[in-house]
Amino acid sequence: MGLFDKLLHKKETRANEGIDTQAAPFTICAPFSGKVIPVHDIPDPVFSEGIVGLGCGIEPEEETVYAPFDGVISQIAETKHAIGITSTDGMELLIHVGIDTVDMNGKGFDTLVTEGQRVKAGQPLLTFSLSQIEAAGHPTTTAVLLTNHEDFSALNLMVIGQIQHGQSILKVSK
């Protein structure tokens with residue numbers, strides 16, 4: 001089942017500056033700078049209840065999503081508001097920018113990569129407009145979720161509060 005299959009099914013029923021490009025295996029780095037919140041504080045039950053995956057939320061302070069690790073782009077939402085990336089060590093991550101931003105039909109979002117493309121930690125993946133998300137009446141809280149968390153023994157949130165893109169945010173244990 002793809003990253004977005006879980007989400008859609010449930011809905012129906014600075015370049016490399018400061019980036020840890022040598023992050024340890026099973027480490028997820030922040031895809032942008034902002035304020036990290038626990039997953040249960042994300043203002044959408046599909047995310048906060050762990051239905052799609054486990055991880056955290058981030059209140060963004062910049063408008064570019066950077067690759068959180070080396071991997072392959074596994075999915076890009078048609079509306080460009082969400083992207084899936086699979087790490088070289090098998091972690092499947094969903095980065096969903098904003099809440100209910102699928103309703104924006106891609107307005108305010110631009111992808112910089114394509115499905116199947118290999119990416120390096122810190123590489124820009126997509127851009128978005130905080131002001132357009134807010135003008136559309138949507139929260140900007142972004143879900144950063146490990147969708148295959150059941151394949152791992154533990155997932156640890158390493159930071160609550162301020163973080164810079166590229167800093168380690170989640171640690172996964174095999």
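Strand β5 (residues 71–76) and strand β6 (residues 82–87) run antiparallel and are joined by five bridges. This is a predicted model.

Now follow the chain from β5 to β6. The two strands form a hairpin, with five residues between them. Look for Lys 80 in that turn: its phi is positive, at about 65°.

β5 has another partner. Two bridges join β5 to strand β9 (residues 118–119), and this pair also runs antiparallel. Here Val 72 of the pairing stands opposite Arg 118 in β9. Strands of a sheet pair through backbone hydrogen bonds, either parallel or antiparallel. In a regular strand the side chains alternate between the two faces of the sheet.

Next, move to a sheet built from β1, β14 and β12. Its three strands lie in the order β1-β14-β12. The sheet is open, and the pairing is antiparallel. Which strands form the edges? They are β1 (27–29) and β12 (154–157), and each pairs on one side only. Neighbouring strands of this sheet are turned against each other by 20° on average, direction ignored.

Take a closer look at β12 and its partner. β12 pairs with strand β14 (residues 168–173) over four bridges, in the antiparallel sense. The bridge partner of Asn 156 is Lys 171 in β14.

Methods. Residues numbered from 1 in each chain as written. Predicted model: local features only at pLDDT ≥ 70, side-chain atom pairs only at ≥ 80, totals over all residues. Heavy atoms only, no water. Pairing = 2+ DSSP bridges. Axes fitted to C-alpha atoms, helices over the stretch in contact; angles between N-to-C directions.
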